[in-house]
Amino acid sequence: MIDTTRRTLFKGSLAIGPVGAAVALAPGLLLADWNQAAFASQDLGSALKARLGSSAPETNDAVRIKAPDLAENGAVVPVTVETSLPNVTAIAIVAAGNERPLVASFVLGPAALPYVSTRVKMAKTADLIAVVKQGERLFINIKNVKVTIGGCGG
Amino acid sequence: MSDIKVRAKLEGTETVVKCLISHPMENGLRKDAKTGELVPAHFIEEVVCKWKGEVVLTASWSGGISKNPYLSFKFLGGAAGDPVEITWKDNLGQSQSETAPIS
């Protein structure tokens with residue numbers, strides 16, 4: 001059941017600073033327990049707050065997020081997340097400019113490699129954030145994607 | 001006829017799986033151009049990917065995944081002929097499954 005009550009402005013709950021800075025996402029993301037409320041939530045902070053953890057997410061260049069610099073069609077933006085970090089148990093993709101920023105999460109089984117590729121909808125030019133969970137820690141990296149609505153480029 | 005296309009290919013030690021699912025993936029925020037009414041949410045909530053019956057990946061999606069969703073993932077240990085099964089379930093309770101052998 002999607003709760004489409006008020007539109008909550010997506011601000012404050014995610015502070016996107018320069019690379020290397022700690023990001024103010026809610027810590028302790030236990031993606032296996034993610035429920036629909038998290039996905040319906042328009043507030044990223046509460047969407048990610050599945051369980052309390054000990055550390056805030058940090059940007060890590062071992063998390064690689066690949067997406068186009070410019071998306072002609074915001075309805076179909078290819079994004080690939082992979083990492084060289086070991087023992088990754090979960091990956092999430094966040095579209096910071098969307099009304100409901102948490103777009104997808106993936107729980108990895110023991111045989112899985114930390115690699116996922118899919119296509120997301122982006123409401124407007126914004127950051128795509130890859131979140132990777134290793135033990136109790138969260139690592140992220142960010143790719144800004146420009147979205148041209150109408151597809152005329154520039 | 002299943003609306004899931006699955007390709008699982010062994011590349012060295014890695015099995016690379018690519019699948020394309022036919023699904024409207026309506027997030028419930030879009031207005032019908034003709035009626036002006038909100039198109040109700042209808043999107044895949046969960047995709048379970050199994051290899052030889054073992055869960056390799058569980059994806060939880062919102063309506064923010066594109067229409068006719070594409071998913072690719074990789075795992076180790078697969079051999080040619082092993083079955084890879086993709087099952088999706090959407091918010092209306094519909095579900096579908098498709099199995100393909102690793103080639």
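## Basis and confidence

This is a predicted model, in which local features need pLDDT of at least 70, side-chain atom pairs count only at pLDDT 80 or more, and totals for chains, interfaces and linings use all residues. Residues are numbered from 1 along each chain as its sequence is written, and chains are lettered from A and ligands numbered from 1 in the order in which they are written.

Two residues are in contact if their C-beta atoms, placed from the backbone, lie within 7 Å.

## Nonpolar core

The largest nonpolar core holds 61 residues; A:Ile91, A:Ile93, A:Val94, A:Phe106, A:Ala130, A:Val131 and B:Phe73 touch the most other members. Strand β5 of chain A (residues 88–95) supplies the largest share of this core, seven residues. Such a core is a set of buried Ala, Val, Leu, Ile, Met, Phe, Trp, Tyr and Cys residues joined through C-beta atoms within 7 Å; buried means that 20 or more other C-beta atoms lie within 10 Å of the residue's own.

## Contact between chains

The contact takes 29 residues from chain A and 28 residues from chain B. On the side of chain B that touches chain A, β4(B) gives the largest share, eight residues. Strands here are DSSP runs (E, at least two residues), numbered from the N terminus.

Strand β7 of chain A (residues 112–120) runs antiparallel to β5(B), joined by four bridges; A:Ser117 stands opposite B:Ser72 in β5(B).

Notes. Buried ≥ 20, exposed ≤ 12 C-beta atoms within 10 Å, placed from the backbone. Pairing = 2+ DSSP bridges.
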